Amino acid sequence: KRLVHNYGHGGAGITLSWGSSKLAVELGLPGHSGPVAVIGAGVMGLTTARLAQEAGFPVTLYAEALPPDTTSNIAGGQFHPFGHFRRNRVTPAWQAQFIAAVDYSWRRFQIMVGDDYGIRWLPTYAEAPAEDGGGPSPLDAYHPGRTMLGPGEHPFPLPRVVRFETMYAETGRFLRQLTRDVQTAGGAIHVREFATPDEVAALPERLVFNCTGLGAGALFGDTEIQPVRG
């Protein structure tokens with residue numbers, strides 16, 4: 001049985017959902033035939049399920065909890081990757097993969113803007129770093145209208161502020177619509193808990209995507225996984 005791990009990213013789960021799921025299905029689907037299992041019904045599980053369906057595979061989604069009772073439901077939903085990796089532990093190849101994931105997510109969210117998925121553009125303000133940070137960043141392309149504001153140009157008690165436009169997901173509506181999309185495309189959803197990897201191995205599907213988020217720590221013995229907050 002092939003198992004592909006796609007936990008998600010603390011601080012950037014909504015942002016990277018489509019892009020990370022694209023990387024996951026590109027690992028798992030080539031050479032596969034037959035049904036696919038996805039474990040977890042948060043944003044990673046739902047986007048992984050949708051991409052597998054779009055590639056023509058029948059999908060069954062297994063989850064201990066469904067929206068609105070998932071960790072993803074309390075995400076902020078801002079399209080802005082934040083706090084999901086340590087710079088001293090990643091390679092240039094990893095960084096390139098990260099930007100590719102950001103780019104794919106960026107394009108997917110743009111075609112979902114509107115009331116159905118609860119995606120909208122909003123002006124956003126953030127505290128500017130004390131220094132320029134070494135010049136332009138590859139992420140600047142995903143912050144349209146990025147402008148540095150100095151004293152007197154903004155109402156915040158800070159010396160400098162960065163203003164940019166970005167998308168926000170109304171997470172409850174977004175996850176609810178993705179769940180409907182999975183079901184509309186013929187996907188089955190079963191509420192069940194997995195206590196051991198043996199129970200995952202007993203599933204009838206030969207390809208399984210692990211999208212259990214924080215639950216992956218206990219299920220697969222990942223001692224490094226931890227919540228961003230709480």
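**Exercise 1. Is Gly187 buried or exposed, and where does Gly187 sit?**

Solution. Start with the surface: Gly187 has a relative accessible area of 11%, so Gly187 is buried (buried means under 20% relative accessible area, exposed over 50% and partly exposed in between, with a 1.4 Å probe and protein chains only). Next, place Gly187 in the chain: Gly187 lies in the loop between H4 and strand S7 (188-191). Helices (H or I, at least four residues) and strands (E, at least two) are DSSP runs, numbered from the N terminus. Then look for neighbours: leaving out residues up to four places away in sequence, Gly187 touches Gln53, Val59 and Val182, where contact means heavy atoms within 4.5 Å. Finally, check Val59: its C-alpha atom is 5.1 Å from that of Gly187, although the two residues are 128 residues apart along the chain.

A word on the model: it is predicted, so local features need pLDDT of at least 70 and side-chain atom pairs count only at pLDDT 80 or more, while totals for chains, interfaces and linings use all residues. Residues are numbered from 1 along each chain as its sequence is written, and side-chain values use heavy atoms, with hydrogens and water left out.

**Exercise 2. Which residues of H2 and H4 make the contact?**

Solution. Take the axes to begin with: those of helix H2 (43-54) and helix H4 (171-184) come within 10 Å and cross at roughly 35 degrees. Now list the residues: H2 brings Val43, Leu46, Thr47, Ala49, Arg50 and Gln53, and H4 brings Phe174, Leu175, Leu178, Thr179, Asp181 and Val182. Then sort them: seven are nonpolar, three polar and two charged. Axes here are lines fitted to C-alpha atoms, for helices over the stretch in contact, with angles from 0 to 180 degrees between N-to-C directions.

**Exercise 3. Which residues of strand S2 are buried on each side?**

Solution. Go face by face along S2 (residues 36-39): Val36 and Val38 are buried on one side, Ala37 and Ile39 on the other. In general, side chains in a regular strand alternate between the two faces of the sheet. Now find the partner strand: S2 runs parallel to S3, and four bridges join them (strands pair if DSSP finds at least two bridges between them). As for Ala37, its bridge partner in S3 is Thr60.

**Exercise 4. Where is Pro68 found, and which peptide bond is cis?**

Solution. First, the place: Pro68 is in the loop between strand S3 (59-63) and helix H3 (92-110). Second, the bond: the one from Pro67 to Pro68 is cis, with omega near 15 degrees. For background, most peptide bonds are trans.

Notes. Nonpolar A, V, L, I, M, F, W, Y, C, P; charged D, E, K, R; others polar.
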